[in-house]
Every structure is written in C-alpha cells, then in structure tokens.
Amino acid sequence: DDDFETLDVMYSNMFFELANARRVAYRDPKNNKNLCIVSQDTEAKNTSGGVVWESAFLLMDYFSQKHRKELHTPKGTCLDIGAGVGLLGIVLSQIGYDVTVTEFDTPDSGVFKLLQQNVEGSETHPQHIVAERLDWTNARQDVSAWARTLDLKKSETKKGLVFDLVVGTDVLFNQELVAPLLTVASVLASKTFILCAQIRCAESHRIFLTRAPDFFESCENITEEVCATKGCEWGREVECLVFKLTNPKLDYSHWIDAKS
C-alpha cells in the first residue's frame, strides 16, 4: 500500500508540473527520433483544453505500443474530438493515421488558434493532419463546412463521411454536453470510438454510461486491457478509465431528420 501511495504522489506531481508548463513534449519510447512538442495555455478561460491531460498521455502510450511494429504505415482516418492543444492527434498522425483534430472555438479561450499553431508547427505532413472547428451542439453545420475539404475515404453507406477511428480524452466535463458528444461520435465513427477520461464530473460520467447504449451497440470498459499494455501501467495510478464503443447506431440521416 505504501508503494502505491508513493507512485500516486509521484505521478500526481509529474502531471501537475506538465499541466503548468508552457510547452510539453512526447517521445515515442520505441522511436527516440519521433519527438512531438506542443505549446499549452495554462490560463485559457472557459475551457479545459489548454493543457494536455493524463488521459491523452495514456492513449499516446497505448497506441504507440499497439502499433510499435508498424510505425508510419497507413492506419486509416482518425477524428480527435475535443483535441485541446493537439498532442494526441499529432502523435497519432506520426504513428500512421490521417487525423482531423477538432476543438470548440470561442473568442475568449484562444485554444483553437493554439491547436492550429501546434498542428502547423509539427513535423507531420499537412496531408496527414488538419485542425477544424467543431461545436458538438452545432456539429451538422460545422462538419458540413469542413468535410468537403478533407481528403478522406467515404463510406459507401448512407453514413457519408466517416472515420475509421474516433478518439476523445477528458471530454466528460459537462452534463449537458454528453449527449451531443455521443451523437457526434456515433454519426462520424465507422465502427469504433475510444474514450479515455478521469472522473472529473461524476454526473457526466453517470450520464455517459447510461446513454452510451442509445448511440452504440457496445460500450466496453477496456481499462485493464490498456493498463496491462507495456508502458501503460501508470494509467491505474492516476485513475484513468478507458471505454471502447463500437457499432454506432446513428448516421447522417439523424442530422437530416433533426433539421426537417
């Protein structure tokens, strides 16, 4: 028990320092040449997206290990919902995904502008990562505005534009935004939505677990699977939870029907 308490304090201190740093770097443990650096805004107003949270680091470690034998080979398309300053999306693009990182744009927060700057300043080729505005409560209009410019594989089904993988980290922070979040993920995911979070708002977490079956056929807690992956064990100590939602129930007709 004493050892676990020591680990908990160590990780808490480490992430506290990272959350207060002006710049944060991530180096793939299997590829020391692959270094990603982003700027943070620790004073961003009305948003939690100005810093990189523990959940994003956990998914970076997990996907880096998962694809360690096939780095840089094409993996398909990926949508990062609520990307914050964009470090997870940049890492995924360097792993081999064609990534669209999205963030809500508000005049007073400045996080979307910072996201754009981090993406443009990364070493990833522009063909493999792009930053777009996405308001979950106005998603149909936002997606329509930028989907036409994306060079993405389109489904032959009525789902229209979809992504092979959708990811989200620490996006359960507001009760009223849980359903809009699940709607966006269900409409835009071809099959899988991976969500990683710490419980920052207990009611939002409860609503997520309650409502998830309305949007996906399956919602599986894969925390142990992720944390059992080499290099990801620390996820348990900071109480990250990881969920894998598969087989979305919604498609573009949901937005069309809602408008009519």
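Guide: Let us begin with Arg200, which is partly exposed because its relative accessible area is 42%, and the class runs between buried (under 20%) and exposed (over 50%), using a 1.4 Å probe and protein chains only. A word on the source: this is a predicted model, where local features need pLDDT of at least 70, side-chain atom pairs count only at pLDDT 80 or more, and totals for chains, interfaces and linings use all residues. Residues are numbered from 1 along each chain as its sequence is written, and side-chain values use heavy atoms, with hydrogens and water left out.

Visitor: What makes the meeting of Arg200 and Asp170 a salt bridge?
Guide: The term asks for a side-chain nitrogen of Lys or Arg within 4 Å of a carboxyl oxygen of Asp or Glu. Here the N to O distance is 2.6 Å, so the pair qualifies. Arg200 sits in the loop between β7 (189–197) and α7 (202–215), and Asp170 in the loop between β6 (163–169) and α6 (178–188), 30 residues apart. Helices (H or I, at least four residues) and strands (E, at least two) are DSSP runs, numbered from the N terminus.

Visitor: Why is Asp170 called buried?
Guide: Its relative accessible area is 8%, so Asp170 falls under the limit for that class.

Visitor: How do you know that Arg236 forms a salt bridge with Glu224?
Guide: The closest N and O atoms of Arg236 and Glu224 are 3.3 Å apart, so this pair also meets the cut-off. Arg236 lies in helix α9 (residues 234–237) and Glu224 in helix α8 (residues 223–227), so the bridge ties together parts 12 residues apart in sequence.

Visitor: Why are α2 and α3 called roughly parallel?
Guide: The axes of helix α2 (residues 54–66) and helix α3 (residues 87–95) cross at roughly 10° and come within 9 Å. Axes are lines fitted to C-alpha atoms, for helices over the stretch in contact, with angles from 0 to 180 degrees between N-to-C directions. Angles under 35 degrees count as roughly parallel, over 145 as roughly antiparallel, 65 to 115 as roughly perpendicular and the rest as oblique. The helices α2 and α3 are therefore roughly parallel.

Visitor: What makes the pairing of Asp61 with Tyr26 a polar contact?
Guide: Their side chains come to 2.7 Å, and the term covers N or O atoms within 3.5 Å, where within protein one must be able to donate a hydrogen and the other to accept it, and residues adjacent in sequence count only if both atoms are side-chain atoms. Asp61 belongs to helix α2 and is buried, at 14% relative accessible area.
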